[in-house]
Amino acid sequence: MEKPLLIKYVLPFIQWYALMIGLAIGIDFLLHFFHLVFIGRYLGIIGTFFVVGSFVYSLRKRKIIQSGSPKKLLQLHEYLAWIGSIMLLVHAGIHFNAWLPWMAILMLLITVGSGLVGKFLLKKANESLKERRLALLNAGETKELADKQLFFDSITVDMMKKWRVVHLPITLLLSVLALLHIISIILFSK
Amino acid sequence: MRKTIVILIIIACIALSYFFPHAMINPGELTAEHQMLNNKCQSCHTLLKGISNEKCISCHAIEKIGMDSLINSDTIPSNQKTRFHMHLLQQTCTSCHTDHQGKHPVIDKNRFNHEMLEQTVISNCVSCHNKPVDNLHQLVTNKCNSCHNTNGWKSGATFNHDLLVEVNKNDCNNCHLKPADSYHQLITSNCNQCHSTKQWVPSTFDHSSYFVLDRNHQATCNTCHTGKDFKVVTCYGCHEHSESKIIAEHNEEGIYQISRCASCHKSGNEHDIISNGKQSMDAEESKRVKNFQKANDRRKEDGDD
(Lines give C-alpha, C1' and ligand atoms only; values in the text may rest on other atoms or scores of the structure.)
Protein backbone atom coordinates (compact mmCIF):
# COMPACT_ATOMS: atom_id res chain seq x y z
CA MET A 1 0.00 0.00 0.00
CA GLU A 2 1.33 3.41 -0.94
CA LYS A 3 2.04 5.95 1.79
CA PRO A 4 -0.48 8.80 2.14
CA LEU A 5 0.54 12.14 0.60
CA LEU A 6 0.85 13.62 4.05
CA ILE A 7 3.72 11.30 4.92
CA LYS A 8 5.21 11.15 1.42
CA TYR A 9 5.43 14.91 0.76
CA VAL A 10 4.28 16.97 3.72
CA LEU A 11 6.70 15.54 6.27
CA PRO A 12 9.79 16.18 4.09
CA PHE A 13 8.53 19.73 3.62
CA ILE A 14 8.27 20.15 7.39
CA GLN A 15 11.84 18.91 7.69
CA TRP A 16 13.08 21.72 5.41
CA TYR A 17 11.12 24.25 7.40
CA ALA A 18 12.41 22.85 10.68
CA LEU A 19 15.97 22.90 9.31
CA MET A 20 15.66 26.62 8.63
CA ILE A 21 14.46 27.33 12.17
CA GLY A 22 16.99 24.90 13.66
CA LEU A 23 19.87 26.58 11.81
CA ALA A 24 18.70 30.01 12.95
CA ILE A 25 18.58 28.86 16.59
CA GLY A 26 21.99 27.17 16.24
CA ILE A 27 23.66 30.26 14.78
CA ASP A 28 22.01 32.47 17.40
CA PHE A 29 23.31 30.19 20.15
CA LEU A 30 26.84 30.28 18.75
CA LEU A 31 26.80 34.07 18.48
CA HIS A 32 25.75 34.33 22.13
CA PHE A 33 28.27 31.69 23.19
CA PHE A 34 31.19 33.51 21.54
CA HIS A 35 29.94 36.98 22.59
CA LEU A 36 29.42 37.95 18.96
CA VAL A 37 25.81 39.03 19.29
CA PHE A 38 26.55 42.26 17.42
CA ILE A 39 26.90 40.18 14.23
CA GLY A 40 23.15 39.55 14.45
CA ARG A 41 22.53 43.22 13.69
CA TYR A 42 24.47 43.00 10.44
CA LEU A 43 22.85 39.69 9.51
CA GLY A 44 19.58 41.62 9.37
CA ILE A 45 21.02 43.90 6.68
CA ILE A 46 22.65 41.06 4.72
CA GLY A 47 19.52 38.88 5.02
CA THR A 48 17.38 41.73 3.70
CA PHE A 49 19.64 42.06 0.66
CA PHE A 50 19.39 38.30 0.07
CA VAL A 51 15.59 38.41 0.17
CA VAL A 52 15.42 41.53 -1.99
CA GLY A 53 17.84 39.87 -4.44
CA SER A 54 15.53 36.88 -4.67
CA PHE A 55 12.79 39.14 -6.09
CA VAL A 56 14.63 39.27 -9.42
CA TYR A 57 12.62 36.14 -10.25
CA SER A 58 9.37 37.97 -9.48
CA LEU A 59 10.40 40.80 -11.81
CA ARG A 60 11.27 38.30 -14.56
CA LYS A 61 8.01 36.41 -14.09
CA ARG A 62 6.02 39.60 -14.49
CA LYS A 63 8.16 40.52 -17.49
CA ILE A 64 9.41 43.71 -15.82
CA ILE A 65 12.85 42.45 -16.78
CA GLN A 66 13.32 40.42 -19.97
CA SER A 67 16.66 38.64 -19.52
CA GLY A 68 17.51 35.53 -17.50
CA SER A 69 16.27 31.96 -17.48
CA PRO A 70 13.04 31.82 -15.43
CA LYS A 71 13.91 28.32 -14.19
CA LYS A 72 17.34 29.38 -12.93
CA LEU A 73 15.94 32.59 -11.48
CA LEU A 74 13.31 30.54 -9.65
CA GLN A 75 16.04 28.38 -8.10
CA LEU A 76 17.93 31.55 -7.17
CA HIS A 77 14.72 32.94 -5.64
CA GLU A 78 14.26 29.80 -3.53
CA TYR A 79 17.82 29.60 -2.23
CA LEU A 80 18.38 33.32 -1.65
CA ALA A 81 15.05 33.68 0.15
CA TRP A 82 15.67 30.59 2.30
CA ILE A 83 19.22 31.65 3.31
CA GLY A 84 18.14 35.27 3.80
CA SER A 85 15.30 34.10 6.02
CA ILE A 86 17.74 32.22 8.26
CA MET A 87 19.79 35.41 8.66
CA LEU A 88 16.69 37.44 9.42
CA LEU A 89 15.56 34.91 12.03
CA VAL A 90 19.00 35.13 13.70
CA HIS A 91 18.74 38.92 13.51
CA ALA A 92 15.34 38.82 15.24
CA GLY A 93 16.48 36.43 17.97
CA ILE A 94 13.99 35.46 20.63
CA HIS A 95 13.13 38.85 22.05
CA PHE A 96 9.50 39.76 22.44
CA ASN A 97 9.55 43.53 22.41
CA ALA A 98 8.40 45.79 19.60
CA TRP A 99 5.37 44.58 17.67
CA LEU A 100 6.55 45.77 14.28
CA PRO A 101 9.62 43.54 13.81
CA TRP A 102 7.76 40.60 15.31
CA MET A 103 4.86 41.01 12.92
CA ALA A 104 7.44 41.14 10.11
CA ILE A 105 9.04 37.90 11.36
CA LEU A 106 5.65 36.22 11.58
CA MET A 107 4.93 37.22 7.99
CA LEU A 108 8.40 35.98 7.00
CA LEU A 109 7.68 32.55 8.50
CA ILE A 110 4.32 32.33 6.71
CA THR A 111 5.87 33.48 3.41
CA VAL A 112 8.70 30.94 3.60
CA GLY A 113 6.24 28.21 4.59
CA SER A 114 3.96 28.98 1.66
CA GLY A 115 6.99 29.21 -0.64
CA LEU A 116 8.18 25.77 0.46
CA VAL A 117 4.69 24.40 -0.22
CA GLY A 118 5.01 25.63 -3.79
CA LYS A 119 8.52 24.28 -4.16
CA PHE A 120 8.25 20.86 -2.61
CA LEU A 121 4.67 19.80 -2.49
CA LEU A 122 2.12 21.01 -4.90
CA LYS A 123 3.35 19.67 -8.26
CA LYS A 124 4.43 16.26 -6.93
CA ALA A 125 1.34 15.80 -4.80
CA ASN A 126 -0.95 16.69 -7.68
CA GLU A 127 0.79 14.23 -10.01
CA SER A 128 0.73 11.52 -7.36
CA LEU A 129 -3.00 12.02 -6.76
CA LYS A 130 -3.78 11.71 -10.48
CA GLU A 131 -1.66 8.55 -10.80
CA ARG A 132 -3.44 6.93 -7.88
CA ARG A 133 -6.86 7.79 -9.17
CA LEU A 134 -5.92 6.36 -12.58
CA ALA A 135 -4.53 3.19 -11.01
CA LEU A 136 -7.74 2.68 -9.01
CA LEU A 137 -9.92 3.22 -12.08
CA ASN A 138 -7.76 0.83 -14.11
CA ALA A 139 -8.10 -1.74 -11.34
CA GLY A 140 -11.88 -1.69 -11.91
CA GLU A 141 -12.94 0.62 -9.08
CA THR A 142 -15.85 3.00 -9.76
CA LYS A 143 -15.16 6.75 -9.82
CA GLU A 144 -17.09 7.22 -6.55
CA LEU A 145 -15.13 4.51 -4.75
CA ALA A 146 -11.81 5.89 -6.07
CA ASP A 147 -12.75 9.39 -4.84
CA LYS A 148 -13.74 7.95 -1.46
CA GLN A 149 -10.42 6.17 -1.08
CA LEU A 150 -8.48 9.30 -2.07
CA PHE A 151 -10.61 11.64 0.06
CA PHE A 152 -7.90 12.78 2.51
CA ASP A 153 -5.27 13.06 -0.24
CA SER A 154 -7.62 15.28 -2.24
CA ILE A 155 -8.13 17.55 0.76
CA THR A 156 -4.35 17.75 1.27
CA VAL A 157 -3.82 18.80 -2.35
CA ASP A 158 -6.66 21.33 -2.22
CA MET A 159 -5.07 22.90 0.84
CA MET A 160 -1.73 23.11 -0.93
CA LYS A 161 -3.27 24.79 -3.94
CA LYS A 162 -4.02 27.77 -1.76
CA TRP A 163 -0.30 28.50 -1.27
CA ARG A 164 -0.19 31.27 -3.86
CA VAL A 165 -3.19 32.90 -2.22
CA VAL A 166 -1.06 33.22 0.90
CA HIS A 167 2.43 33.64 -0.60
CA LEU A 168 1.98 36.84 -2.60
CA PRO A 169 -0.11 39.07 -0.28
CA ILE A 170 1.83 38.00 2.79
CA THR A 171 5.08 38.79 1.00
CA LEU A 172 3.72 42.22 0.25
CA LEU A 173 2.74 42.67 3.87
CA LEU A 174 6.18 41.47 4.95
CA SER A 175 7.76 44.07 2.66
CA VAL A 176 5.69 46.87 4.18
CA LEU A 177 6.47 45.81 7.75
CA ALA A 178 10.16 45.37 6.98
CA LEU A 179 10.22 48.80 5.37
CA LEU A 180 8.62 50.38 8.45
CA HIS A 181 11.13 48.59 10.66
CA ILE A 182 14.03 49.82 8.53
CA ILE A 183 12.67 53.38 8.55
CA SER A 184 12.35 53.31 12.35
CA ILE A 185 15.93 52.07 12.66
CA ILE A 186 17.21 54.80 10.32
CA LEU A 187 15.28 57.40 12.28
CA PHE A 188 16.43 56.40 15.75
CA SER A 189 19.82 54.72 15.33
CA LYS A 190 23.06 55.73 13.78
CA MET B 1 -11.75 41.82 -3.04
CA ARG B 2 -8.43 40.20 -2.19
CA LYS B 3 -6.55 43.34 -3.19
CA THR B 4 -8.82 45.43 -0.98
CA ILE B 5 -8.08 43.22 2.03
CA VAL B 6 -4.35 43.44 1.39
CA ILE B 7 -4.46 47.21 1.06
CA LEU B 8 -6.50 47.48 4.25
CA ILE B 9 -3.99 45.35 6.15
CA ILE B 10 -1.11 47.49 4.92
CA ILE B 11 -2.93 50.67 5.89
CA ALA B 12 -3.62 49.11 9.29
CA CYS B 13 0.10 48.42 9.81
CA ILE B 14 1.04 51.97 8.92
CA ALA B 15 -1.72 53.30 11.14
CA LEU B 16 -0.57 51.16 14.05
CA SER B 17 2.96 52.49 13.65
CA TYR B 18 1.65 56.02 13.56
CA PHE B 19 -0.80 55.85 16.47
CA PHE B 20 1.12 53.40 18.67
CA PRO B 21 4.74 54.16 17.79
CA HIS B 22 6.14 53.10 21.16
CA ALA B 23 4.52 49.69 21.18
CA MET B 24 5.39 49.15 17.54
CA ILE B 25 9.06 50.15 17.59
CA ASN B 26 10.23 50.28 21.21
CA PRO B 27 12.91 47.55 21.22
CA GLY B 28 12.70 46.90 24.96
CA GLU B 29 12.14 48.33 28.40
CA LEU B 30 14.46 51.03 29.70
CA THR B 31 16.63 50.50 32.77
CA ALA B 32 15.10 51.19 36.17
CA GLU B 33 17.06 54.45 36.38
CA HIS B 34 15.75 55.63 33.00
CA GLN B 35 12.11 54.76 33.61
CA MET B 36 11.16 58.43 33.72
CA LEU B 37 12.21 58.62 30.06
CA ASN B 38 9.70 56.00 28.95
CA ASN B 39 8.04 56.96 25.66
CA LYS B 40 10.24 60.03 25.41
CA CYS B 41 12.39 58.73 22.61
CA GLN B 42 13.95 62.06 21.77
CA SER B 43 15.34 62.47 25.26
CA CYS B 44 18.18 60.26 24.04
CA HIS B 45 17.64 59.79 20.31
CA THR B 46 18.15 62.47 17.74
CA LEU B 47 16.27 61.77 14.53
CA LEU B 48 18.58 60.39 11.83
CA LYS B 49 21.60 60.80 14.13
CA GLY B 50 21.02 58.16 16.74
CA ILE B 51 22.24 58.69 20.28
CA SER B 52 24.67 61.53 20.66
CA ASN B 53 27.11 61.87 23.53
CA GLU B 54 25.82 65.33 24.19
CA LYS B 55 22.42 63.96 25.19
CA CYS B 56 23.98 61.53 27.65
CA ILE B 57 26.38 64.10 29.04
CA SER B 58 23.62 66.66 29.47
CA CYS B 59 22.47 64.51 32.40
CA HIS B 60 25.60 62.49 33.19
CA ALA B 61 28.40 65.03 33.50
CA ILE B 62 31.55 62.99 32.96
CA GLU B 63 33.51 64.59 35.77
CA LYS B 64 30.69 63.65 38.15
CA ILE B 65 30.26 60.03 37.14
CA GLY B 66 30.96 57.99 40.23
CA MET B 67 30.75 60.97 42.53
CA ASP B 68 27.06 61.46 43.10
CA SER B 69 23.64 60.56 41.81
CA LEU B 70 21.42 62.32 39.35
CA ILE B 71 18.32 61.13 41.16
CA ASN B 72 19.35 60.55 44.72
CA SER B 73 22.26 58.92 46.43
CA ASP B 74 20.25 55.82 47.35
CA THR B 75 19.63 54.59 43.84
CA ILE B 76 23.08 55.14 42.40
CA PRO B 77 25.71 54.77 45.09
CA SER B 78 28.89 56.74 44.87
CA ASN B 79 31.62 54.65 43.31
CA GLN B 80 35.11 56.04 43.00
CA LYS B 81 36.12 53.32 40.60
CA THR B 82 33.69 54.47 37.94
CA ARG B 83 35.53 57.75 37.86
CA PHE B 84 37.79 56.23 35.20
CA HIS B 85 35.27 57.74 32.76
CA MET B 86 37.24 60.98 33.05
CA HIS B 87 40.24 59.25 31.52
CA LEU B 88 38.50 57.90 28.45
CA LEU B 89 40.21 59.00 25.27
CA GLN B 90 37.12 58.51 23.15
CA GLN B 91 34.05 59.36 25.12
CA THR B 92 31.50 57.52 23.03
CA CYS B 93 28.93 56.40 25.57
CA THR B 94 27.28 53.82 23.33
CA SER B 95 30.58 52.00 22.87
CA CYS B 96 29.86 50.35 26.21
CA HIS B 97 26.42 51.40 27.35
CA THR B 98 23.11 50.49 25.87
CA ASP B 99 19.50 50.52 26.98
CA HIS B 100 16.19 48.87 26.15
CA GLN B 101 17.56 45.63 27.69
CA GLY B 102 15.13 45.51 30.60
CA LYS B 103 15.01 47.23 33.96
CA HIS B 104 18.08 45.51 35.33
CA PRO B 105 20.28 44.59 32.40
CA VAL B 106 23.54 42.73 32.69
CA ILE B 107 26.21 45.02 31.28
CA ASP B 108 28.16 43.25 28.56
CA LYS B 109 31.70 43.99 29.65
CA ASN B 110 33.02 42.59 26.39
CA ARG B 111 32.04 45.85 24.78
CA PHE B 112 34.62 47.69 26.84
CA ASN B 113 37.99 48.13 25.21
CA HIS B 114 40.90 49.15 27.41
CA GLU B 115 42.42 51.02 24.49
CA MET B 116 39.84 53.71 25.10
CA LEU B 117 41.69 54.55 28.32
CA GLU B 118 44.75 56.66 28.88
CA GLN B 119 47.95 54.65 29.28
CA THR B 120 48.40 55.77 32.89
CA VAL B 121 45.03 54.27 33.79
CA ILE B 122 45.70 51.05 31.84
CA SER B 123 48.91 50.56 33.82
CA ASN B 124 47.17 51.06 37.14
CA CYS B 125 44.77 48.10 37.06
CA VAL B 126 43.80 48.32 40.72
CA SER B 127 42.36 51.77 40.16
CA CYS B 128 39.36 49.98 38.63
CA HIS B 129 39.74 46.28 39.40
CA ASN B 130 39.77 44.58 42.76
CA LYS B 131 42.81 42.50 43.46
CA PRO B 132 41.79 38.83 43.79
CA VAL B 133 41.61 37.67 47.37
CA ASP B 134 43.21 34.26 46.82
CA ASN B 135 46.50 33.35 48.45
CA LEU B 136 48.58 33.72 45.32
CA HIS B 137 47.51 37.26 44.53
CA GLN B 138 48.12 38.38 48.10
CA LEU B 139 51.76 37.38 47.62
CA VAL B 140 52.42 39.31 44.42
CA THR B 141 52.85 42.96 43.60
CA ASN B 142 50.23 45.14 41.92
CA LYS B 143 51.97 44.90 38.56
CA CYS B 144 49.11 42.84 37.10
CA ASN B 145 50.35 43.30 33.55
CA SER B 146 53.41 41.22 34.36
CA CYS B 147 51.12 38.18 34.10
CA HIS B 148 47.82 39.39 32.62
CA ASN B 149 46.87 41.44 29.62
CA THR B 150 43.86 43.55 28.77
CA ASN B 151 42.46 41.05 26.26
CA GLY B 152 41.15 38.89 29.08
CA TRP B 153 42.03 37.96 32.63
CA LYS B 154 42.97 34.42 31.76
CA SER B 155 43.86 34.66 28.09
CA GLY B 156 47.60 34.62 27.71
CA ALA B 157 48.18 34.86 31.46
CA THR B 158 51.73 33.98 32.36
CA PHE B 159 53.39 33.81 35.73
CA ASN B 160 56.89 34.70 36.78
CA HIS B 161 57.94 33.36 40.17
CA ASP B 162 60.30 36.31 40.53
CA LEU B 163 57.24 38.50 41.19
CA LEU B 164 56.69 36.82 44.52
CA VAL B 165 57.61 39.06 47.38
CA GLU B 166 58.41 38.11 50.96
CA VAL B 167 57.85 34.46 50.17
CA ASN B 168 60.05 31.44 50.65
CA LYS B 169 60.30 30.35 47.02
CA ASN B 170 61.53 26.93 48.14
CA ASP B 171 58.23 26.26 49.84
CA CYS B 172 56.28 25.26 46.74
CA ASN B 173 53.45 23.78 48.80
CA ASN B 174 52.60 27.28 49.91
CA CYS B 175 50.87 27.78 46.57
CA HIS B 176 50.88 24.47 44.75
CA LEU B 177 49.09 21.29 45.65
CA LYS B 178 51.17 18.19 45.64
CA PRO B 179 50.19 15.97 42.68
CA ALA B 180 47.76 13.26 43.76
CA ASP B 181 49.63 10.40 42.08
CA SER B 182 51.15 7.70 44.27
CA TYR B 183 54.68 8.65 43.32
CA HIS B 184 54.47 12.26 44.44
CA GLN B 185 52.48 11.35 47.54
CA LEU B 186 55.52 9.43 48.78
CA ILE B 187 57.85 12.38 48.36
CA THR B 188 58.25 14.70 51.29
CA SER B 189 61.31 16.60 50.13
CA ASN B 190 61.09 19.84 48.20
CA CYS B 191 59.85 19.95 44.61
CA ASN B 192 62.89 21.81 43.33
CA GLN B 193 64.97 18.65 43.62
CA CYS B 194 63.36 17.64 40.31
CA HIS B 195 61.33 20.60 39.07
CA SER B 196 62.22 24.19 38.30
CA THR B 197 60.09 27.32 38.43
CA LYS B 198 60.34 27.60 34.64
CA GLN B 199 58.09 24.63 34.03
CA TRP B 200 56.67 21.62 35.81
CA VAL B 201 57.07 19.19 32.92
CA PRO B 202 59.52 17.89 31.99
CA SER B 203 61.16 17.56 35.36
CA THR B 204 64.91 17.47 35.53
CA PHE B 205 64.81 14.12 37.23
CA ASP B 206 65.93 11.02 35.31
CA HIS B 207 66.05 7.97 37.56
CA SER B 208 68.11 6.05 34.97
CA SER B 209 70.99 8.43 35.47
CA TYR B 210 71.21 7.11 39.06
CA PHE B 211 69.82 3.64 38.73
CA VAL B 212 67.92 1.85 35.98
CA LEU B 213 64.51 0.64 37.13
CA ASP B 214 64.45 -2.48 34.95
CA ARG B 215 61.83 -5.22 35.17
CA ASN B 216 63.49 -6.67 38.28
CA HIS B 217 63.36 -3.36 40.09
CA GLN B 218 59.77 -2.28 39.78
CA ALA B 219 59.45 -1.64 43.50
CA THR B 220 57.74 1.19 45.33
CA CYS B 221 59.99 4.20 46.03
CA ASN B 222 60.21 3.59 49.75
CA THR B 223 61.64 0.10 49.23
CA CYS B 224 64.97 1.73 48.40
CA HIS B 225 64.43 5.30 49.62
CA THR B 226 63.50 4.62 53.22
CA GLY B 227 64.12 8.15 54.43
CA LYS B 228 62.91 11.55 53.32
CA ASP B 229 66.12 12.27 51.46
CA PHE B 230 65.99 10.61 48.06
CA LYS B 231 69.76 10.83 47.78
CA VAL B 232 70.03 8.18 50.46
CA VAL B 233 69.43 4.73 49.07
CA THR B 234 69.53 1.21 50.41
CA CYS B 235 69.35 -2.01 48.46
CA TYR B 236 68.58 -4.07 51.55
CA GLY B 237 64.89 -3.27 51.43
CA CYS B 238 64.00 -6.44 49.54
CA HIS B 239 64.31 -10.12 50.07
CA GLU B 240 66.81 -10.63 47.21
CA HIS B 241 69.46 -8.36 48.67
CA SER B 242 69.96 -9.35 52.28
CA GLU B 243 72.81 -7.45 53.88
CA SER B 244 74.68 -10.56 55.10
CA LYS B 245 74.56 -12.19 51.71
CA ILE B 246 75.82 -9.07 49.93
CA ILE B 247 78.63 -8.58 52.44
CA ALA B 248 79.76 -12.18 52.10
CA GLU B 249 79.69 -12.08 48.31
CA HIS B 250 81.64 -8.81 48.04
CA ASN B 251 84.19 -9.70 50.73
CA GLU B 252 85.19 -12.70 48.62
CA GLU B 253 86.30 -10.21 45.98
CA GLY B 254 87.98 -7.95 48.52
CA ILE B 255 85.32 -5.26 48.31
CA TYR B 256 84.28 -3.82 51.66
CA GLN B 257 82.63 -0.54 50.62
CA ILE B 258 79.13 -1.84 49.99
CA SER B 259 76.84 0.95 51.15
CA ARG B 260 76.59 2.61 47.70
CA CYS B 261 75.46 -0.26 45.52
CA ALA B 262 74.36 1.98 42.62
CA SER B 263 77.92 3.31 42.27
CA CYS B 264 78.85 0.03 40.59
CA HIS B 265 75.51 -1.61 39.77
CA LYS B 266 73.88 1.32 38.07
CA SER B 267 72.22 -0.73 35.35
CA GLY B 268 70.42 -2.93 37.90
CA ASN B 269 72.24 -6.00 36.53
CA GLU B 270 74.54 -7.54 39.17
CA HIS B 271 76.96 -8.75 36.46
CA ASP B 272 77.11 -5.41 34.65
CA ILE B 273 79.48 -3.50 36.86
CA ILE B 274 80.92 -0.07 36.25
CA SER B 275 83.51 1.56 38.43
CA ASN B 276 82.33 5.10 38.41
CA GLY B 277 82.69 5.36 42.13
CA LYS B 278 86.36 6.29 41.97
CA GLN B 279 86.05 9.23 44.23
CA SER B 280 84.60 7.25 47.05
CA MET B 281 87.02 4.30 46.86
CA ASP B 282 90.65 4.16 47.65
CA ALA B 283 93.07 3.15 44.91
CA GLU B 284 93.41 -0.42 46.17
CA GLU B 285 89.69 -1.02 46.29
CA SER B 286 89.18 0.59 42.91
CA LYS B 287 91.80 -1.78 41.49
CA ARG B 288 89.99 -4.74 43.03
CA VAL B 289 86.71 -3.58 41.51
CA LYS B 290 88.32 -3.32 38.11
CA ASN B 291 89.81 -6.82 38.47
CA PHE B 292 86.44 -8.11 39.55
CA GLN B 293 84.84 -6.41 36.56
CA LYS B 294 87.38 -8.01 34.20
CA ALA B 295 86.84 -11.45 35.75
CA ASN B 296 83.13 -10.87 35.43
CA ASP B 297 83.47 -9.95 31.75
CA ARG B 298 85.57 -13.10 31.12
CA ARG B 299 82.94 -15.18 32.86
CA LYS B 300 80.24 -13.68 30.64
CA GLU B 301 82.33 -14.38 27.48
CA ASP B 302 82.86 -18.02 28.61
CA GLY B 303 79.20 -18.34 29.21
CA ASP B 304 78.48 -16.95 25.74
CA ASP B 305 80.79 -19.53 24.17
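Contact here means heavy atoms within 4.5 Å. With that in hand, hello everyone, and let me start with chain A. Among its contacts between residues at least 6 apart in sequence, 73% join residues at least 24 apart.

A word on the model itself. It is predicted, so local features need pLDDT of at least 70 and side-chain atom pairs count only at pLDDT 80 or more, while totals for chains, interfaces and linings use all residues. Residues are numbered from 1 along each chain as its sequence is written, chains are lettered from A and ligands numbered from 1 in the order in which they are written, and side-chain values use heavy atoms, with hydrogens and water left out.

Now the overall layout. Chain A has eight helices and zero strands; helices (H or I, at least four residues) and strands (E, at least two) are DSSP runs, numbered from the N terminus. Of the 190 residues in chain A, 37% are buried. Buried is under 20% relative accessible area, exposed is over 50%, and partly exposed is in between, with a 1.4 Å probe and protein chains only. The chain exposes about 12000 Å², and carbon and sulfur atoms supply 73% of that area. Areas come from the Shrake-Rupley method with a 1.4 Å probe; for residues, only the protein chains shown count as cover.

Let's go inside. A nonpolar core is a set of buried Ala, Val, Leu, Ile, Met, Phe, Trp, Tyr and Cys residues joined through side-chain atoms within 4.5 Å. The largest one has 44 residues, and A:Leu108, A:Leu121, A:Met160 and A:Leu177 have the most contacts inside it. Elements giving two or more residues to this core include α5 (99–138) and α8 (163–188) of chain A, and also α1 (2–19) of chain B. The biggest contribution, 14 residues, is from α5(A). And which residues does A:Leu177 touch, leaving aside its neighbours within four places in sequence? They are A:Leu100, A:Met103, A:Ala104, A:Met107 and, from the other chain, B:Cys13.

Ten names to look for: A:Phe29, A:Leu30, A:Phe33, A:Phe34, A:Leu36, A:Phe38, A:Tyr42, A:Ile45, A:Ile46 and A:Phe49 make a nonpolar surface patch of about 1100 Å². Patches are made of residues with over 30% relative accessible area and no salt bridge; like charges are joined within 9 Å, nonpolar side chains (Val, Leu, Ile, Met, Phe, Trp, Tyr) within 5 Å. A salt bridge is a side-chain nitrogen of Lys or Arg within 4 Å of a carboxyl oxygen of Asp or Glu. The largest share of the patch, five residues, belongs to α2(A). A:Leu30 sits in helix α1 of chain A and is partly exposed at 44%.

Aromatic rings come next. Rings of Phe, Tyr and Trp (its six-membered ring) pair if their centres lie within 6.5 Å; planes under 30 degrees apart are stacked, over 60 edge-to-face, and the rest tilted. Over all chains there are five such pairs. A:Phe29 and A:Phe33 have centres 6.0 Å apart and planes at 25°, so they are stacked.

One last stop: A:His35, in the loop between α1 and α2 of chain A. Though not a glycine, A:His35 has a positive phi of about 55°. Its relative accessible area is 48%, so A:His35 counts as partly exposed.
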